Amino acid sequence: MARIINWVALAAGIMLLLMVVVSIFYPWWQLTIGQDLIKVNASPIYTNFGVFGDQFTIPIILVINIITILTFLACGAVMLIYSIVPTKPYAKQLLGFSYRKPLYSVVIFAVVLVGVVLAANHFGVNVPLNGSSTVTVPASWMMGVSISAPISASFEFSFYIAVVAAALCLAARLYHSHFTKPSTTPETAPPTPSTATISVPA
Amino acid sequence: MDKAKFALTMLSVAIIVVPIAVAGYIYRGNLEGLVLPSQFRNMINGALSGSKNPSSLANLQLPQAIGSPQYDPTTGTFNDPFNVTNPLTTQIQLNQFSADVVSSNGTYLGNVAIQPLTIAPGASAIANVTGDLDQNTINQLANGGNLNVSLANVTVNIGGVTVHLSQISNIGSLPTG
């Protein structure tokens, strides 16, 4: 008998693990000020900063990154396990554990990023979400010194991999219903012993 | 089914608690280090003696003058070479430096500029400051007058970042005849 596999979940699990590996090396979103003078590489997997060529991380953000990496690795592994046992009684627990977190991470990352960009724009610093602009710090803020710098920001391909992985996780959850639906094919009723008596008219 | 749920809950808790506990242990005597990384503090303070990282804002040195300014009285032009060292791990691109030279009472005397310059990490380069002086200034210098000068409309573009200052007062006096 062929093994029942949730192929969507299998793809989601592989994509999650691939996304973790790619995101360690490539940020989800990158901000560059000047000619590489200041760089911000942001992602839930690995966030770091570059100032005049020096790279550094903020330890508390690194801790959050490590928690996210471990979470995604666990989600990927559990999703792979689920994909090969989608009909087991504990399958729903495995799926519930593994599909939500990547989805939430992508959504929360996007929401926080949009919030930060809107907040910066509110204070007069025109930071693009995706594209280029020139930031000007008014002279009144800097004791008569006016500073302007080109600034560019872009979502990197690793972000799109994360979006695909999250979408596959959601699809795996939706596809799970195929394994839990009651069968719609009419079953042949087994012959039941008749208790009725046929009366034959005399 | 309950065992699976329990195992996954424990896994979630461990994933969150263990990194926080390890970080708390590592930074137990220096909790501010969790927020302010040592590299950043070193970069600001310049406390990098013995560090692998040679880069520091505090290691930035002022340009060193090479010899004395060369002045051509017939054309009113001068140039003054400076040695500039880049202590950073990234190249420095000085795209523009320009300013008006003005007297202490704001009279225009001339202008100065630097040719665009790119300095590789850890390398040095010669920045040639050139300028033109106004004819009145040339006459005043020829007569042995003393000119205290300031810079006005100073525009500096380093690495794409443009800094504009309306005035830098009393930078010194021009050599007189």
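Of the 177 residues in chain B, buried ones make up 16%, where buried means 20 or more other C-beta atoms within 10 Å of a residue's own, exposed means 12 or fewer, partly exposed is in between, and C-beta atoms are placed from the backbone. In chain A, 30% of the 202 residues are buried. This is a predicted model, so local features need pLDDT of at least 70 and side-chain atom pairs count only at pLDDT 80 or more, while totals for chains, interfaces and linings use all residues. Residues are numbered from 1 along each chain as its sequence is written, and chains are lettered from A, with ligands numbered from 1, in the order in which they are written.

**Fold of each chain**

- Chain A has five helices and six strands, where helices (H or I, at least four residues) and strands (E, at least two) are DSSP runs numbered from the N terminus.
- Reading chain A from the N terminus gives α-β-β-β-β-α-α-β-β-α-α.
- Chain B comes to three helices and nine strands, and from its N terminus they go α-α-β-β-β-β-β-β-β-α-β-β.
- Take the contacts in chain A with a separation of 6 or more: residues 24 or more positions apart account for 60% of them, a contact being two C-beta atoms, placed from the backbone, within 7 Å.
- For chain B, 54% of the contacts between residues at least 6 apart in sequence join residues at least 24 apart.

**Nonpolar cores**

- The largest nonpolar core holds 41 residues, and A:Ala12, A:Leu16, A:Met19, A:Met79, A:Ala162, A:Ala165 and A:Ala172 have the most contacts inside it; such a core is a set of buried Ala, Val, Leu, Ile, Met, Phe, Trp, Tyr and Cys residues joined through C-beta atoms within 7 Å.
- Two or more residues of this core come from each of helix 1 (7-25), strand 1 (29-33), helix 2 (59-84), helix 3 (91-122), strand 6 (145-155) and helix 4 (157-175) of chain A.
- Helix 4 of chain A is the top contributor to this core, with eight residues.
- Another core lies apart from that one and has eight residues, including B:Ala99, B:Val101, B:Leu109 and B:Leu141.
- Leaving out residues up to four places away in sequence, A:Ala165 touches A:Ala12, A:Met15, A:Leu16, A:Met19 and A:Pro102.

**Helix 3 against helix 4 in chain A**

- Helix 3 of chain A brings A:Leu95, A:Tyr99, A:Pro102, A:Leu103 and A:Val106 to the contact, and among the residues from helix 4 of chain A are A:Ala162, A:Ala165, A:Cys169 and A:Arg173.
- By class, the contact of helix 3 with helix 4 of chain A has twelve nonpolar residues, no polar and one charged; Ala, Val, Leu, Ile, Met, Phe, Trp, Tyr, Cys and Pro count as nonpolar, Asp, Glu, Lys and Arg as charged, and the others, Gly among them, as polar.

**Where the chains meet**

- Here 34 residues of chain B are in contact with 31 residues of chain A.
- On the chain B side, helix 1 (2-26), helix 2 (38-45) and strand 9 (161-174) each give two or more residues, and helix 1 of chain B gives the most, with nine.
- That side of chain B splits into 21 nonpolar, twelve polar and one charged residues.

**A look at B:Leu31**

- B:Leu31 sits in the loop between helix 1 and helix 2 of chain B.
- B:Leu31 counts as exposed because it has 11 C-beta neighbours inside 10 Å.
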